[in-house]
Amino acid sequence: MKLEVNKLTGGYGAELVLDGVEFSVPSGAIVSLVGPNGCGKSTLLKLIGRVLRPRAGDILLDGRSLSAFRGGDCARCLAMLPQHRHEPAGLSVGELVAYGRFPHRHALGLLNDDDRRIVDEVLAMTRLTALRSRHLSTLSGGERQRAWIAMTLAQTPRLLLLDEPTSFLDICCQFEIIELIKELNARGGTTVLMVLHDLNLAAACSDQMIMMKERKVYCAGAPRNVLTVQNLRAVFEIDARVNYDDAGCPYCLAMGSARPRDRA
Amino acid sequence: MAFLALLALCVLAFMFSVRFGELRLGLPEIVTTLWRRDGGLDYQILWYIRLPRVLLGALVGASFAVSGVILQGVLRNPLASPGIIGVSAGGGLAGIVVMVLLPRHGGAMVPAAFAGSLLAALLVYVLSWKRGVSTIRLILAGVAVSAMLGALSSAVLLFNAEKAGGVLDFTIGSLSTRSWRHVEQVWPYMALGLLMAQALCGRLNILALGDDVAVGLGLQVERVRVALLATAALLAAAAVSAVGLLGFVGLIAPHLARMVIGSDNRFLLPAAALLGATLVMACDSVGRVVMPPSELPVGIIMAMVGPPFFLWLLRKVSYEA
């Protein structure tokens with residue numbers, strides 16, 4: 001599903017967090033949003049995910065304005081994993097994943113055979129089948145994160161928004177999550193837009209990167225063109241070296257802060 | 001399976017509650033007495049005193065319990081109970097004002113307490129509104145409003161200390177001298193509230209995952225939240241107006257039910273309703289038999305027997321609130 005964002009402005013109350021943001025995500029692409037803390041990445045995701053309303057500008061899904069969708073219709077094609085979520089006591093993995101079918105629910109809110117098949121598939125894909133009756137509170141951080149992602153997958157979205165899906169996970173769990181996202185993208189053509197803090201991970205797994213700075217998109221494009229020494233200095237205020245692996249994918253090595261001492 | 005057990009427990013509490021008290025009849029005798037409608041003393045006691053009291057206890061227990069389940073889900077807080085949105089304090093103040101200052105209008109007690117409860121809940125909701133409701137603001141507004149209304153109640157009682165004794169029953173929660181009139185006054189609201197709760201419980205599951213997640217799943221968060229809060233307030237207001245400030249059942253019945261049923265509100269709600277009814281009927285019958293000929297109010301039994309039992313269960317069952 002193609003996503004276009006036009007001159008988007010928004011924020012909380014009087015505070016403006018995004019100011020005239022413009023970019024587009026081609027259908028079937030994996031795109032990472034990167035940028036320093038407070039640059040508006042999460043806010044942008046919340047605006048696309050309808051948690052916040054834009055002050056101005058437009059968000060288009062396959063050319064159709066987000067404001068023209070009814071809530072339920074939107075949730076059937078767009079799923080979002082926010083950072084803030086709550087795990088009720090005694091909630092099991094299977095129950096959580098089944099809640100992902102909520103936008104597709106039928107009379108009386110019961111699951112039909114289709115729903116059950118999708119829940120089973122998603123559990124298998126996220127390797128949670130053996131854990132389906134376990135309570136969320138008894139899982140490790142990586143398993144828990146997979147369970148929440150499984151819930152969004154059960155929504156069978158065509159566009160998936162993920163806010164920091166790999167934060168607080170060890171390096172192996174991070175790769176598990178990224179491989180899962182790539183598999184999903186390759187298998188079903190799901191378009192993915194995610195906020196990542198690890199620049200090298202973002203460069204390695206994304207078709208495109210969007211780098212944000214102070215309420216605006218600073219630059220966007222192939223990782224090769226975004227992850228450059230100049231951009232890292234301008235946006236993150238770091239001195240960094242950028243190298244390329246055998247496939248030509250860039251990776252960076254941060255050498256130190258480039259922030260002027262008196263300002264820090 | 002667990003449901004059948006809960007249902008059996010509830011029926012057992014009902015039979016126990018009808019059987020024991022000042023008048024003790026065997027179950028067959030109770031059935032034949034009620035069947036014959038002979039108008040004798042036994043029949044009078046059973047039909048006009050015992051049955052409405054037991055039935056009201058069951059309704060009140062179910063209402064408090066379901067209200068508690070809804071609030072724990074909406075506020076995402078295991079400590080939430082019907083008192084937290086101001087219903088108890090509001091109903092208490094209105095009830096006390098009618099009993100102390102307008103003693104001749106005793107008939108207005110139930111409607112006044114009902115209105116007071118709902119108004120307090122509305123006040124809490126309005127005070128916590130600021131571009132939407134946050135659960136933290138709602139809880140804090142509830143605590144603040146409850147404290148204020150509680151102080152007003154104390155002031156009213158202080159200046160009318162000679163009449164305060166009669167109010168004690170109400171502030172503890174009691175089922176004594178409740179009649180069919182009380183049942184008639186509150187059951188329609190309770191039935192409506194229970195139906196609304198059952199209709200909304202699938203959405204409550206989603207709301208309990210957090211606002212952002214719920215929006216992502218296509219839930220109209222503010223609309224569903226206000227509907228659920230209104231349902232919880234309606235149930236608690238009806239219950240408070242019928243028996244007074246009976247605490248604890250709205251807190252523990254949801255947790256007990258969760259230990260048995262799990263966290264899916266579609267099953268948790270009816271389970272908690274059965275357990276709440278069971279608890280109130282059981283505690284009321286205990287209060288009637290422990291020290292005859294006088295009786296202890298159900299509120300006292302609930303608060304004395306409830307906590308140790310609850311804590312024992314908490315330790316026994318591996319459970320994380």
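A:Leu162 sits opposite A:Met194 in strand 8 of chain A. The model is predicted, so to speak of local features takes a pLDDT of at least 70, and side-chain atom pairs count only at pLDDT 80 or more, while totals for chains, interfaces and linings use all residues. Residues are numbered from 1 along each chain as its sequence is written, chains are lettered from A in the order in which they are written, and side-chain values use heavy atoms, with hydrogens and water left out.

Strands here are DSSP runs of E with at least two residues, and helices are runs of H or I with at least four, numbered from the N terminus; two strands pair if DSSP finds at least two bridges between them. Strand 7 (residues 159–163) of chain A runs parallel to strand 8 of chain A, joined by 5 bridges. Strand 3 (residues 30–34) of chain A is also parallel to strand 8 of chain A, with 4 bridges, and A:Leu33 has A:Val195 as its bridge partner. In strand 8 (residues 191–195) of chain A, 5 of the 5 residues are buried, so the strand is largely enclosed by the rest of the structure. Buried means under 20% relative accessible area (1.4 Å probe, protein chains only).

Over in chain B, helix 3 (residues 41–74) and helix 12 (residues 265–289) have axes, lines fitted to C-alpha atoms over the stretch in contact, with angles from 0 to 180 degrees between N-to-C directions. These axes come within 7 Å and cross at roughly 140 degrees.

Definitions and conventions
Buried means under 20% relative accessible area, exposed over 50%, partly exposed in between (1.4 Å probe, protein chains only).
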